[in-house]
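This report describes selected local features of a predicted model.

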Amino acid sequence: MTKAVVITGSPKKTSRLNGPVVYVISDLELKGCDVSHVVVADLPAEDLLYANFTSDAIIHATQLVKDADIVVVATQVYKASYTGVLKCFLDLVPERGLAGKKVLPLAMGGTTAHLLMLEFALKPVLSVLGANAIEQGVFIQDKQVVRAADDSFELGEDCKLRLDQAVEGLLEGVTIEQVV
């Protein structure tokens, strides 16, 4: 079965970024992928900040990345770049840890002025980690994701369409073995 890992690089567990992330996870699962989810904010902060490669939580999270065929990296845009907690986690992914994997960058920001962050901040780091099959990426404006009264998220139709297209591109050429 094709393994996917979604890395959520938000410092806030209640972030609106969770809306698109849950949408992508559901889409990948519906298409037959075995999906794991690394929520960087759930990892021990001290292990992230001090690059504790021997931490059980870090070993487990980086093993999920190692075992994956597909990696989705999701972040908000802070100060024209990806989040600091995401950077701390990516620093713990082994050298060439994304080699041979298809990678989808996903970013959420306040204005389209942050759109180029995908190309000029996130993709170079993913490349350094060995990713050579990086999809175009999806940038979502904050206003395209609305928190509902029950704390779920409603995504705009354009947002859903672009996420659907990104997942299709991500899975293009990947053989998905259905478990019966």
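## Local features of the predicted model

Asp-151 lies in the loop that connects β7 (145-147) and β8 (153-155). Its phi angle is near 70°, a positive value in a residue other than glycine. Asp-151 counts as exposed because its relative accessibility is 52%, and the cut-off for that class is over 50%. Ala-80, in the loop between β3 (70-76) and α4 (84-90), is likewise a non-glycine residue with positive phi, near 65°.

Phe-139 belongs to strand β6 (residues 138-141). With a relative accessibility of 6%, Phe-139 is buried. Leaving aside residues up to four places away in sequence, its contacts include Val-77, Met-108, Leu-115, Leu-118 and Arg-162. Thr-112 is also among the residues that Phe-139 touches; the two are 27 residues apart in sequence, with a C-alpha to C-alpha separation of 8.1 Å.

Nine salt bridges are found in the whole structure. Three of them are listed below.

| Salt bridge | N to O distance |
|---|---|
| Lys-31 and Asp-27 | 2.5 Å |
| Asp-91 and Lys-87 | 2.5 Å |
| Lys-160 and Glu-157 | 3.3 Å |

Lys-160 and Glu-157 are separated by about one helical turn, because they stand three residues apart in helix α6 (residues 157-171). Salt bridges with shared partners also join Asp-27, Lys-31 and Glu-168 into one network.

Note on methods: Residues numbered from 1 in each chain as written. Predicted model: local features only at pLDDT ≥ 70, side-chain atom pairs only at ≥ 80, totals over all residues. Heavy atoms only, no water. Helix = DSSP H or I, 4+ residues; strand = E, 2+ residues; numbered from the N terminus. Buried < 20%, exposed > 50% of the residue type's maximum accessible area, 1.4 Å probe, protein only. Contact = heavy atoms within 4.5 Å. Salt bridge = Lys/Arg side-chain N within 4 Å of Asp/Glu carboxyl O.
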